[in-house]
Amino acid sequence: MENFRRIIQNNRAWAAAMVEHDPDYFEKRASKQEPHFLYIGCADSRVPSNQVTGTEPGELFVHRNIANQVQPSDLNAMCVLQYAVEVLDVKHVIVTGHYGCGGVKAAMGTESYGLVDHWLGPIRNVVRWNRSELEAIADPEARFDRVVELNVLEQIYHLTETPIIQHAWAKGRRPLLHGLVYDIHTGLLREIATGIDSQEAADALAARRESGVPAGPPPIAGRIAAPPVLAGDELADAIAMRVLRQLEGAAAGGNGKR
Ligand code: CO
């Protein structure tokens, strides 16, 4: 309970300090918000969105979840994205991953954590699709760092696939998409991808994303919906191979629908 009381006391002290510095600090922000940025980050407590970006209340529209994912089936994320792009008209959407991400680490392992395993399924795909690049990295920590970076690229790619971003770009409108990784050891943000503002730039990113795909199933017609991964890479591989065989069978059937 003492820890909780501390939060209330800190809040009083913070509000008083802000008003002392600027008597209208809160009133100026009370009637509306006009943020320039949508920040999509990990729920990790060590990566506070406003602090690491040096922004004030009112500057960042924020969505956070485990391992900073953009899943098209996530109603929460899609509502945040739609409101940010179409109503708030944000100039930039920033996906921010972080080294040492527990969600990414869990997706790289075989241990089961229950419901969150489903949530992490798409990151298992990132690991599988980039297996050759990752296996070439001898140092496990460096490999872990690389998966964090690849996951950020993947989430940007997911953003480019949403009708929300595609409609905005088709109308010649913003936002620009950016990918950052926060280093929990230094407090510094690293730029992974910046200024993606068109389908061409998204395609270039996708080409880069798909260039290192030898072992796992290649993304077919853009995407395979992520299978529910219940127990590690082997099961995921088996499911993916089954989907591949079905698709190959359908193609061999030659029904001419393509
Ligand atoms: Co994390």
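1. Axes here are lines fitted to C-alpha atoms, for helices over the stretch in contact, and angles between N-to-C directions run from 0 to 180 degrees. Keep in mind that this is a predicted model: local features need pLDDT of at least 70, side-chain atom pairs count only at pLDDT 80 or more, and totals for chains, interfaces and linings use all residues. Residues are numbered from 1 along each chain as its sequence is written.

2. Let's start with a helix pair. Helix H7 (residues 121-129) and helix H9 (residues 140-161) have axes that come within 10 Å and cross at roughly 110°. H7 and H9 are therefore roughly perpendicular to each other (angles of 65 to 115 degrees count as such). Helices are DSSP runs of H or I with at least four residues, strands are E runs of at least two, and both are numbered from the N terminus.

3. Which residues make the contact? H7 brings Ile123, Val126 and Val127, while H9 brings Val147, Leu150, Asn151 and Glu154 (in contact: C-beta atoms, placed from the backbone, within 7 Å).

4. Now for the loops. Arg174 and Pro175 are joined by a cis peptide bond, with omega about 20°. Pro175 sits in the loop between helix H10 (163-170) and strand S4 (176-182).

5. Look at Asn68 too: its phi is near 40°, a positive value in a residue other than glycine. Asn68 lies in the loop between strand S2 (60-65) and helix H4 (75-87). Is Asn68 buried or exposed? Asn68 is buried, with 29 other C-beta atoms within 10 Å (buried means 20 or more, exposed 12 or fewer, partly exposed in between).

Definitions and conventions. Angles under 35 degrees count as roughly parallel, over 145 as roughly antiparallel, 65 to 115 as roughly perpendicular and the rest as oblique. Two residues are in contact if their C-beta atoms, placed from the backbone, lie within 7 Å.
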